[in-house]
Structures are given as structure tokens and as C-alpha cells.
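Keep the structure open while reading.

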Amino acid sequence: MLALDLGLHRRWPTMGLRQAVGWTVFWVLLAAGFAVLVFVWYGHAATLQFVTGYIVEESLSVDNLFVFLILFRYFRVPRECQHKVLLWGVLGALVLRLSFILAGVSLLRRFEFFIYIFGAVLVYSGIGLLRESEPEVHPERNIVLRTFQRFFPITADFEGGNFFVRRGERWLATPLFLTLIVVETTDLIFAVDSIPAILAISRDAFIVYTSNVFAILGLRSLYFALEHFFALFRFLNYGLAAVLTLIGLKMLLSHFYEPPLALTLGVVVLILAASVAASLIWPEAKETVS
């Protein structure tokens, strides 16, 4: 599937609305097909874990993509160059999530008290999201970016889709590579919320990673679809805040009460559906030009 996505990247560097929505539906249906296989292999409980994990990770990915959109505007990345950053962002996310998941599963198996740390992180993140009407990014505060700029020369303008160009005897980085640095480090920050959230649902590394992979694989097509549907997700931040807080509380109370996973899945779907419905009922007011 990753090879297929890489092939699509070469054939269609950018996607129109219909194409992006079509491929997004394809990736969702593919995840649904994999859920059927999980049911055949592992049974009902594992399938519920996979589906719940996939929905949570896909929802967090939407919030992540909003940040990417803001970053691309901040760096003024040409639309025809955005796909390359998204491609490497997806590859980096796959490796990064695997490392975090293996570490998280190992920690929870050996040191049970880490469940309270992960739960507290999610509750804190949920409360933080409630205070924000929309995702905020501050690339100028990114310590990795600032360190890189201090030691490496950078071109003034974009050089097509190149991350580096040669000028005489020197190699220079382009603004496109700076964008990639911020995207990758931003994904690292998102993983701090994402991984504890999925570990609250399952501690099976196979279920946790595959639900992450299916959420990540469709990011490129989902990104181009979201460009046209900002209004549908006006209140998504509040829905995600409620989901993260709920899952965090589930982890903190896990030794006293463990709600049925079907109930958790139903509540997550209800919260996210309510946030989208609220966005449709109360759309953002358009600015009038006098």
C-alpha cells in the first residue's frame, strides 16, 4: 500500500477535489477491509480495538493536517511542491510512530505506573485544545529549525521541488527543506498525544501500529480534500479535546473501572460527529468586504 501511495505521488503530485475525496474513500474502505481480516484472525475484541484506534488516529491526523496547511502558508510553499513534503512527512511518521509504539508498549508492560503519566498527558492536551479556537503554530520557535539555520546556508527562494541545490562548491538548503524540518518535528509533538491515546485502547503492538499505519497512509489525499472543507471542521478542536480528555481519564481510572470498548467507540464517534454537525449548523461567518 505504501508502494501504491508512492506511485500515486509520482503520477499525481497534486489532486483535485473529486480525485482527493475518491482516494480518501479508498483508504477508508481499505482500513475497513483490514478490520474484517482482524475479525477473522483475532476475533471481536481485537476488531473493536482496531476500529476505535483507527478512528481516533484518523481524527488526530485531520488536526495534524490543519497544522500542515498553516505551515505551508507560513513558508509560502508553492502548491506543486507541497506533495514532496507530504510524502517525506508520511515516511517519517511511519518510522517515528513505530519507535514510539514499541517504546510505549514496552514501558506499560514493565512499568504499569506509566499509564497514569500517559493519561495525565492526554488530559493536559485535551484541556490545552479547549483553549484554542484553531491550531497555532510558531515555526520561528522551533529549536531544530533555528539550530539548522545557524549552521547551514539557505537559498532565498524555492528551487522547484529540490531540498538542496549546489552553488559553486557549496550546498545550500532551500525553504522547502526548512518546511520539511518543521513538519517532521511537529509530527513528533503530535505523536506525544497520538501514541498514548491509542495505547489507552490497546496494548497489542500489532493492533496499535496497523491502526496508525492506515490512518497515516491516506494523509496525502486527505490533505488535498481538506483544502476544500475547512468549514466542516470549525469545531473539530473541541471534539478532539473531549476525546483526548475522555481517553486520558480512561487511562487514569483503568485500575478502578474499565468501560466496555464498544461504549468507548460509540462515545468517540458521537463526539466527533457532534463537532462536525455543530460546524455545519453554525458555520464560520464570512468576512464582508466594504
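## An aromatic pair across the sequence

F206 is partly exposed, at 31% relative accessible area. Here buried means under 20% relative accessible area, exposed over 50%, and partly exposed in between, with a 1.4 Å probe and protein chains only. F34 counts as buried, at 15% relative accessibility.

The model is predicted: local features need pLDDT of at least 70, side-chain atom pairs count only at pLDDT 80 or more, and totals for chains, interfaces and linings use all residues. Residues are numbered from 1 along each chain as its sequence is written, and side-chain values use heavy atoms, with hydrogens and water left out.

The structure holds 12 aromatic pairs. Rings of Phe, Tyr and Trp (its six-membered ring) pair if their centres lie within 6.5 Å; planes under 30 degrees apart count as stacked, over 60 as edge-to-face and the rest as tilted. F26 and W27 form an edge-to-face pair, because their ring centres are 5.2 Å apart and their planes stand at 70°. F26 is partly exposed at 32%, whereas W27 is buried at 3%.

The rings of F34 and F206 are tilted, because their planes meet at 45°, with centres 6.2 Å apart. F34 sits in helix α2 and F206 in helix α8 (residues 205–217), so this pair ties together parts 172 residues apart in sequence. Elsewhere, K84 lies over the face of F163, 4.8 Å from the ring centre. A charge counts as over a ring if NZ of Lys or CZ of Arg is within 6 Å of the centre and within 35 degrees of the ring normal.

## Fold and confidence

The protein chain has 11 helices and two strands. These are DSSP runs, numbered from the N terminus: helices are H or I with at least four residues, strands E with at least two. Along the sequence the pattern is α-α-α-α-α-α-β-β-α-α-α-α-α. Of the 290 residues, 48% count as buried.

Mean pLDDT, the predictor's confidence in each residue from 0 to 100, is 77 for the chain, and 85% of residues reach 70 or more.

## Nonpolar cores

A nonpolar core is a set of buried Ala, Val, Leu, Ile, Met, Phe, Trp, Tyr and Cys residues joined through side-chain atoms within 4.5 Å. The largest has 65 residues, and V56 and Y223 touch the most other members. Helix α7 gives the most to this core, with 12 residues. A second, separate core of 10 residues includes A31, F34, A46 and A215.

Contact means heavy atoms within 4.5 Å. Leaving aside neighbours within four places in sequence, Y223 is in contact with L65, F68, L69, F72, Q82 and L86.

## Two single residues

T174 lies in the loop between β2 (170–173) and α7 (175–199). T174 is buried, at 0% relative accessible area. The T174 side chain reaches the backbone oxygen of N162 at 2.7 Å. Beyond four places in sequence, contacts of T174 include I154, T155, E159 and F163.

L280 is found in helix α11 (residues 261–281). L280 counts as exposed, at 54% relative accessibility. L280 and F235 are 45 residues apart in sequence and 9.4 Å apart in space, C-alpha to C-alpha.

Technical notes. Polar contact = N/O pair within 3.5 Å; in protein donor to acceptor, adjacent residues only side chain to side chain.
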